[in-house]
Amino acid sequence: MPELPEVEIIKNNLSEYMIGNEFISIKINTSKLRYKIPHNFDETIKNSKVIKIERIAKYIIIYLSNEFKILVHLGMTGNFLISTQKTHSLGNGPGKHIHLKFFMTNNVIINYHDIRKFGFFKIIYPDNLVLENLKKNVGIDALSSKFNTKYLMYKLKNRTGNIKTSLLNQSIVGGIGNIYASESLFRAKISPLTISKNLANDKKKITKLISAIKYILADAINVGGSTIKNHTNIKGESGYFQYKFNVYNREQMKCKRLGCNSLILKINQSGRSTFYCESCQK
Ligand SMILES: [Zn+2]
C-alpha cells in the first residue's frame with residue numbers, strides 16, 4: 001500500500017507532467033474501480049487545464065481551470081505510469097492493469113495502473129466542501145512544519161494507548177502508515193510499547209521522534225525520486241520503490257544498529273504488525 005512518501009512522489013511526478021497542460025481526452029478501459037468512474041468524468045475534465053496538484057494525507061487533488069477538481073486515491077496498488085504517443089503500446093506487460101489513460105496537450109499519456117483496483121477517482125464540484133471536511137478530519141501532515149514537538153506533546157498527553165498506534169491515528173498526524181511508524185520509532189530509539197501520555201511528558205524524546213519521522217519520510221521521498229517516470233521501470237506488484245528498511249519486515253533478523261546483536265521482534269498492536277529491537281528501543 002502506498003504510504004506518504006510514495007503518494008508525495010507520485011504527486012510530484014504528476015505535477016511535473018500535468019501542471020500547465022490540458023487534458024485532450026480520457027480513455028476509460030475499466031470504470032469499476034473502488035467506486036465507479038463518474039459517467040461525466042471525461043466531459044468534465046476534457047479541455048481543462050491543470051493548475052495545481054495538492055496532497056492531503058494520502059489523497060491527491062488535481063485542480064482544474066474550470067474550477068472542478070479530481071480527487072484521487074491510490075488504494076492498495078494504484079500508480080501512474082508515463083508514456084508518450086510513441087511508447088504507449090504496452091503489450092501484455094503492465095498494460096492489462098491500466099484502467100485510465102489521460103492524453104495531455106504536452107504529448108504525454110498518463111496511465112493509471114492498479115492491479116487490485118482499490119483506487120478511485122471522483123469529481124469535486126466547484127462549491128462542494130469535501131476538501132474542507134477532509135482537511136478537518138486529518139491531523140496536521142507529517143511533512144508540515146506545524147507537526148512539531150509542542151503539537152505532538154499536546155496531542156498525546158491524554159492518550160492511554162501505545163505510541164505506535166497513536167502514530168497511525170490520522171486525526172493526530174496525517175500520513176504515517178504502518179511501515180514508517182515502525183521505522184521512525186526505531187530511529188528515535190523509542191519502544192513501540194511506550195504509553196503515549198507517558199511519552200508526552202518527555203520533551204526530548206518527542207523532539208527526537210518528530211525529527212526521526214521527518215528524516216525517514218524525507219529520505220524515502222529522496223530515494224524514491226522519480227522512479228515512476230518511465231513505465232518500463234515498473235517492478236513487482238505495484239511499481240512502488242523499495243526503501244531500505246531497518247526493522248520493517250525483518251523479523252528474527254539481526255538489528256542493523258552497530259554493536260547491537262539483538263534480533264528484530266514482530267508483535268501485534270491494534271491488529272497491525274510492529275517491528276522493533278528490544279535492546280535499542282526503550
Ligand atoms: Zn538493536
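Q: Which strands does helix H1 lie across?
A: This is a predicted model. In it, H1 (residues 4–18) lies across E5, E6 (98–104) and E7. The helix runs at about 30° to E5.

Q: What's the strand order in the open sheet?
A: The order is E1-E6-E7-E5, four strands in an open sheet. The pairing is antiparallel.

Q: Which strands stand at the edges?
A: Strand E1 (23–28) and strand E5 (79–84). Each has a single partner strand, so one side of each has no neighbour in the sheet.

Q: And the twist, what does it average from one strand to the next?
A: It averages 20°.

Q: Back to E5. How many bridges does it make with E7?
A: Six bridges, with E5 and E7 (residues 108–113) paired in the antiparallel sense.

Q: What stands opposite Thr-84?
A: Val-108, in E7.

Q: New topic: helices. At what angle do H4 and H8 pack?
A: About 115°. H4 covers residues 149–156 and H8 covers residues 203–224. Their axes are 9 Å apart.

Q: So what do we call H4 and H8 relative to each other?
A: Roughly perpendicular, because angles of 65 to 115 degrees count that way.

Q: Is the crossing left-handed or right-handed?
A: H4 passes H8 in a right-handed crossing.

Q: Which residues make the contact?
A: H4 brings Thr-149, Leu-152 and Met-153. H8 brings Lys-203, Ile-206, Thr-207 and Ile-210.

Q: How do the residues of that contact divide?
A: Between H4 and H8, four are nonpolar, two polar and one charged.

How values were computed. Residues are numbered from 1 along each chain as its sequence is written. This is a predicted model: local features need pLDDT of at least 70, side-chain atom pairs count only at pLDDT 80 or more; totals for chains, interfaces and linings use all residues. Axes are lines fitted to C-alpha atoms, for helices over the stretch in contact, and angles run from 0 to 180 degrees between N-to-C directions. Helices (H or I, at least four residues) and strands (E, at least two) are DSSP runs, numbered from the N terminus. Angles under 35 degrees count as roughly parallel, over 145 as roughly antiparallel, 65 to 115 as roughly perpendicular and the rest as oblique. A crossing is left-handed if the near helix is turned anticlockwise from the far one by less than a right angle, and right-handed if clockwise. Two residues are in contact if their C-beta atoms, placed from the backbone, lie within 7 Å. Ala, Val, Leu, Ile, Met, Phe, Trp, Tyr, Cys and Pro count as nonpolar, Asp, Glu, Lys and Arg as charged, and the others, Gly among them, as polar. Two strands pair if DSSP finds at least two bridges between them.
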